[in-house]
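Come along as I look things up, one entry at a time.

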Amino acid sequence: MKSLISFVVLLFAALVHAISSSGDRLLVVLEDVAEKDGYSKFLGDLEGLGPNLTPKLLLDFINANGNILLALSASQSAPTSLVSLLLELDIHLPPDRQGLVVDHFNYDVLSASEKHDVLLLPAPGALRSDIKDFFSPVSADGGLIAFPNGMGQTLGPGALLTPILRAPSTAYSYNPKEQAEALDDLFASGSQLSLVTAMQGRNSARFTVVGSADLLSDKWFDAKVKKVGEKKEVSTLNREFAKRVAGWTFKETGVLRVNWIEHHLNEAGQSNASNPKIYRIKNDVTYSISLSEYSWDKYIPFTVPESDDLQLEFSMLSPFHRLKLNPTISSPDSTTYSVSFKLPDQHGIFNFKVNYKRPFYSNVEEKNTVSVRHFAHDEWPRSFVISGAWPWIAGIAATVTGWLAFCALWLYSKPTASGETKKTQ
């Protein structure tokens with residue numbers, strides 16, 4: 001099978017078993033319709049046939065908030081149109097458009113005792129401690145993910161690309177048509193190889209590349225495998241892993257929704273109306289944002305990972321404040337995060353901005369613009385309230401007191417009397 005572009009969200013067909021947060025219309029595009037029977041458990045009763053898809057058409061589709069899952073196979077060369085599409089996204093395939101990933105230390109002895117081309121991998125786990133794990137199936141018997149007949153990819157430095165499943169350090173990719181005993185020119189090896197790759201655009205459109213189309217086939221959903229060096233057979237995790245990858249790709253998981261935003265004065269004796277357009281410098285203000293996370297078929301409260309922060313920026317050209325938002329209210333389908341702070345001593349046009357962008361979560365970028373004015377003439381504090389003015393006030397008081405004392409002394413002081421004397425010679 002040359003390639004499989006699976007679950008392309010267009011306007012032609014409907015998925016019946018799962019509803020995405022962005023709608024339930026999906027399309028599957030196969031190079032050979034006869035191959036659909038081999039993926040019946042993954043595709044379900046989804047139906048549809050697509051047009052001749054070009055890289056430009058697919059990129060336009062992504063730019064229009066479309067989501068794509070692409071599955072490759074090492075048994076045939078990847079079409080040049082798909083290679084061009086992947087290069088646009090900074091995802092690189094082998095130069096000959098064909099490469100097989102093998103591992104002589106992590107393979108299935110039951111099905112690949114000679115070629116070692118069925119990799120057995122543990123669940124990927126969380127990418128970092130501050131990122132939620134969306135793709136790790138739970139297994140009671142230590143099940144493994146089978147990655148048969150797969151093609152690896154290397155990723156550019158783009159911030160929008162994230163590897164879901166990486167190859168082990170002992171794996172490498174080569175062209176199976178080269179039968180030389182020694183391979184001098186490998187495409188990539190070890191963790192350089194991404195086996196399943198995710199790309200989320202700035203518009204939160206999602207594109208996923210699965211390096212092994214066989215990973216999604218019925219055969220490997222229910223297979224028993226035995227890793228080299230192990231004594232017992234275990235079940236594959238392919239069914240649950242494929243469900244999680246497809247669910248993320250088509251926005252059944254990892255989608256954040258902003259329910260409402262509120263900012264108001266937090267001062268006694270003020271109106272404290274919601275979302276005013278103008279504030280005054282040094283006002284005490286409270287900002288709140290309500291967030292929900294879509295999980296399979298419903299919205300649940302969004303919880304920020306323990307080692308991560310949801311932050312508010314109060315900025316003009318650059319942030320004057322960058323503050324952590326703390327959870328204050330929780331409901332069955334949302335969490336409200338709030339923070340209170342004092343506005344800076346600077347008037348102008350400011351923005352309340354929440355910019356939360358994390359791997360595997362849809363982007364949250366909310367900006368509310370307000371004006372901040374200076375003090376009105378009747379709002380300035382009296383000078384005796386300002387501690388910095390006390391030395392000047394004391395100086396004025398001392399001058400006035402001294403002047404009055406001098407005047408009193410001058411007015412009420414009588415000159416001494418002197419008698420008349422006759423001049424004598």
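**Ground rules.** I call a residue buried under 20% relative accessible area, exposed over 50% and partly exposed in between, with a 1.4 Å probe and protein chains only. Helices (H or I, at least four residues) and strands (E, at least two) are DSSP runs, numbered from the N terminus. This is a predicted model, where local features need pLDDT of at least 70 and side-chain atom pairs count only at pLDDT 80 or more, while totals for chains, interfaces and linings use all residues. Residues are numbered from 1 along each chain as its sequence is written, and side-chain values use heavy atoms, with hydrogens and water left out.

**Entry one: helix α3.** I went to residues 80-88 and found Leu82, Val83, Leu85 and Leu86 buried. Looking down the axis of α3, I saw these buried residues fall within an arc of 160 degrees, so they line one face of the helix. The arc is taken from the directions from the helix axis to the C-beta atoms. On the other side of α3 I noted Thr80 and Glu88, both exposed. Asp90 follows the helix, and I read a positive phi near 70 degrees there.

I found Ser338 in strand β23, which covers residues 334-342. Is Ser338 buried or exposed? Its relative accessibility is 12%, so I put it down as buried. The side chain of Ser338 makes a polar contact of 3.2 Å with that of Thr328. Such a contact is a pair of N or O atoms within 3.5 Å; within protein, one must be able to donate a hydrogen and the other to accept it, and residues adjacent in sequence count only if both atoms are side-chain atoms. I also listed contacts (heavy atoms within 4.5 Å). Beyond neighbours within four places in sequence, Ser338 touches residues including Tyr287, Ser288 and Lys324.

I count two strands as paired if DSSP finds at least two bridges between them. I traced an open, antiparallel sheet in the order β5-β10-β11. Its edge strands, β5 (100-103) and β11 (188-189), each pair on one side only. Four bridges link β5 to β10 (residues 171-174), and Leu100 has Tyr174 as its bridge partner.

Seven of the seven residues in β12 (194-200) are buried, so I wrote it down as largely enclosed by the rest of the structure. β9 (residues 161-166) pairs with β12 in the antiparallel sense over five bridges, and Thr162 stands opposite Ala198. Another five bridges join β12 to the antiparallel β13 (residues 206-210), with Gln200 partnered by Arg206. Five residues separate the strands of this β12 and β13 hairpin, where Ser204 takes a positive phi near 70 degrees.
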